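This report describes how two protein chains are built and how they meet. Please have the sequence and the three-dimensional view open while reading.

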Amino acid sequence: MVKQISLTHLRRGQSGRVIQIMGGFGMTRRLAALGIRPGKRITKISAMFMRGPVTVRVGHSDIALGFGMASRIIVEVKEQ
Amino acid sequence: MRILLMGNPNVGKSVIFSRLTGVHVIASNYPGTTVEFTKGWAEYKGKRVEVIDVPGAYTLEPTSKAEEVAVEMLKEGDLVIDIIDATNLERNLNLALQLIERGVPTVIALNIWDETKHRGININVEKLEKLLGVPVVPTIGITGEGIKELFSRLEEAKRKKPIKRTEHQRWDEIGRIIDRVQTLTHRHHTLREILEEASIRPLSGLPIAILVLFLSFKIIRFIGEGLIGYLLEPLFTKLYLPLIMKLSLFLGSGGFLHDILIGKLIEGGIDFIQSFGLLTTGLYVPLAMVLPYILSFYLVLGILEDTGYLPRLAILLDNLMHRLGLHGYAIIPNLLGLGCNVPGILGTRILESKRERFIASALISIGVPCAALQAMIFGLVGKHGGQYVSMVYGTLFLVWLLLGLILNRVLKGFSPPLLIEVPPYRLPPWRTMVKKLWMRILGFVIEALPLVLLGVLVVNILYFLKVFDFLANLAAPFIHGILGLPKEAVVALVIGFLRKDVALGMLGPLNLTAQQLVVGSVVLAMSFPCIATFIILLKELGLKDMLKATGIMIFSAFLVGGILNLIL
């Protein structure tokens, strides 16, 4: 089954495909420059507790982003 | 000719820059901005050419101040060396394609080439060169491999006709290129990756952070104390003291000139801390008490910076920093402030909003004691026992926290989210580290030494004119009533404006109790910024906000000093 969830709901170590970024032009462009854009495969590496930043791996680089921003990135994951 | 070094942040641009250029480099601000860049010179075909280390940029469609500057600088260059992180080809090609689309003469350095192998990345360089239509040279910045070839192929870079592409088309093109030149093989997690992940996960990351900070502190003290005890202290007492004693005798052991140069004799001899002359205290404090700690602090900070640990600390502390109205990255200027407030406040430029920069600058100038002041705190307060030093640090840390919490509540606006690339751990090349350390130490000596000497001179002249007696009597009820310090301490508080280390040194001869020293140190650390910090605050914040910050400083310093006086 394919599910669409936000980056914050991804489990640690789980990966998914970015399908939508719910943000303005500026945020979309900043994320794209760092390699996060629709169609990209993304893996969650860690998240700090208490709505702290989320770290993800895209390609060969690690990106840390604030919780709010992460919650606006929608990924598609396969769930059994 | 002018060569621009461009590339994403964290691709080893500065390492290649320091390989290409000699010792003589200049760091300056881009006109009208706060973005800093470095400029140097290299030899190319027997001619001297200018090489500019352009601020890191992910794209030429600017998303930040640094990128705006990069685009502006592009217009003034003749040739671009685009430095690409070979382990991150896809993202880095975005900038490369944009440069090529503009028709700029470009040569590409495929840097960090050595890491592709153990990361299981295979890149066909010839094919990449053909597809891009510009020279591509694999390089290893740290060892210097490939740099010669890179330079020899500069002449192949030609201006071309611009190509028009939309962002979407560009990413499609990048996808096509990647498919044809790059193959990945699977490989197991390396020890480094395990460490990298452990240091950003909360449960393992926080203990690691505590350990790293604790070790840093220990190493800084070990090196600092070692340098003082085994090198500078003997140098001053065994070599310099006899010389200066002769001069003192020659000057007749007293009189105006003697008082200015040598200062007062304490029990017939020179006391480097108490005599307070230009050639005694004026040289001893900055060179023998402060410089060793500046050196060890910047050495350790440089290691933390260049190995890539600091961004991880930023992630761990992001939550806390948000409560202070900042985001995690703001921890870096705060740490810099522990060396000297000036680079700390300059470092707040990495923060985007005016609000963040104000909060960070205020926190640094009030709650973060510089290395010079800390060295004196250890020297003077430390004599009475470690618990008093802890009291000073504990109070300052509490002030830092509370002030941030309050400012975040009071000031309008919000703190923007964290968005940073976390670079892999790397062993920093010693060449770049030594260069950076040298520039920082030189900066301290050039900026601080004249001010210390001026401070000592001013104190002596004011003493002579009996201005201090007047001031002390005027401020006595205040200083004594609220802070519980003797009226002579007012002199130190006034001199604190010139140099805080000198000021704290002036509390030495007053025979204060340990409690009074704690109050004095805290008030000095928090109150009026030293003149260098004052000027930087004015430049960075503007007159209005600088006055606001200074008001907060003076008020909070007396408030906290008063409370300490009551409870100790």
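Which residue of β10(B) is the bridge partner of A:D62? In this model, which is predicted rather than determined by experiment, the partner of A:D62 is B:V422.

The pairing across the chain boundary is part of an open sheet of seven strands, whose order is β1(A)-β6(A)-β2(A)-β3(A)-β4(A)-β5(A)-β10(B), with antiparallel pairing. The edges of this sheet are taken by β1 of chain A, residues 2-6, and by β10 of chain B; each has a single partner strand, so one side of each is left without a neighbour in the sheet. From one strand to the next, the twist averages 40°. Within the part contributed by chain A, strand β3, residues 41-47, pairs with strand β4, residues 54-58, in the antiparallel sense over five bridges, and in this pairing A:A47 stands opposite A:V54 of β4(A). Against the sheet packs helix α12(B), which touches β4 and β5 of chain A as well as β10 of chain B, and whose direction makes about 140° with that of β10(B).

Although β10(B) stands at an edge of the sheet, both of its faces are covered. B:L419 and B:E421 lie on one side and B:I420 and B:V422 on the other, and all of these are buried.

**The contact between the chains**

How many residues does each chain give to the contact? Chain B gives 25 residues and chain A gives 24 residues. On the side of chain B that touches chain A, the elements giving two or more residues are α3 (89-101), α12 (310-323) and β10 (419-422). By class, this side of chain B divides into ten nonpolar, seven polar and eight charged residues.

The table sets out like quantities for the two chains.

| Chain | Secondary structure | C-alpha box along the principal axes | Buried residues |
|---|---|---|---|
| Chain A | two helices and six strands | roughly 35 × 25 × 25 Å | 41% of the 80 residues |
| Chain B | 23 helices and ten strands | roughly 80 × 55 × 45 Å | 43% of the 568 residues |

In chain A, the elements run β-β-α-β-β-β-α-β from the N terminus on. The radius of gyration of chain A is 11 Å, which agrees with the value near 12 Å that a compact globule of 80 residues would have. Among the contacts in chain A with a separation of 6 or more, 60% are between residues 24 or more positions apart.

For chain B, the radius of gyration is 27 Å, close to the 24 Å that the globule rule gives for 568 residues, so chain B is as compact as a globular protein of that length. Of the contacts in chain B with a separation of 6 or more, 71% join residues 24 or more positions apart.

Chain B is divided into domain 1, residues 2-184, and domain 2, residues 202-567. The centres of these two domains, taken over C-alpha atoms, are separated by 40 Å. Where the domains touch, seven residues of domain 1 are in contact with seven residues of domain 2, and the side belonging to domain 1 has three nonpolar, four polar and no charged residues.

Why can strand β1 of chain B, residues 2-7, be described as largely enclosed by the rest of the structure? Five of its six residues are buried, so the strand is largely enclosed. This strand β1(B) runs parallel to strand β4 of chain B, residues 47-53, to which four bridges join it, with B:R2 standing opposite B:E50 in β4(B). Five bridges join β1(B) to strand β5 of chain B, residues 79-85, and these two strands also run parallel; here the bridge partner of B:I3 in β5(B) is B:L79.

Definitions and conventions. Residues numbered from 1 in each chain as written. Chains lettered and ligands numbered in written order. Predicted model: local features only at pLDDT ≥ 70, side-chain atom pairs only at ≥ 80, totals over all residues. Domains from an automatic or database assignment. Contact = placed C-beta atoms within 7 Å. Nonpolar A, V, L, I, M, F, W, Y, C, P; charged D, E, K, R; others polar. Rg over C-alpha atoms; globule rule 2.2 N^0.38 Å. Buried ≥ 20, exposed ≤ 12 C-beta atoms within 10 Å, placed from the backbone. Pairing = 2+ DSSP bridges. Axes fitted to C-alpha atoms, helices over the stretch in contact; angles between N-to-C directions.
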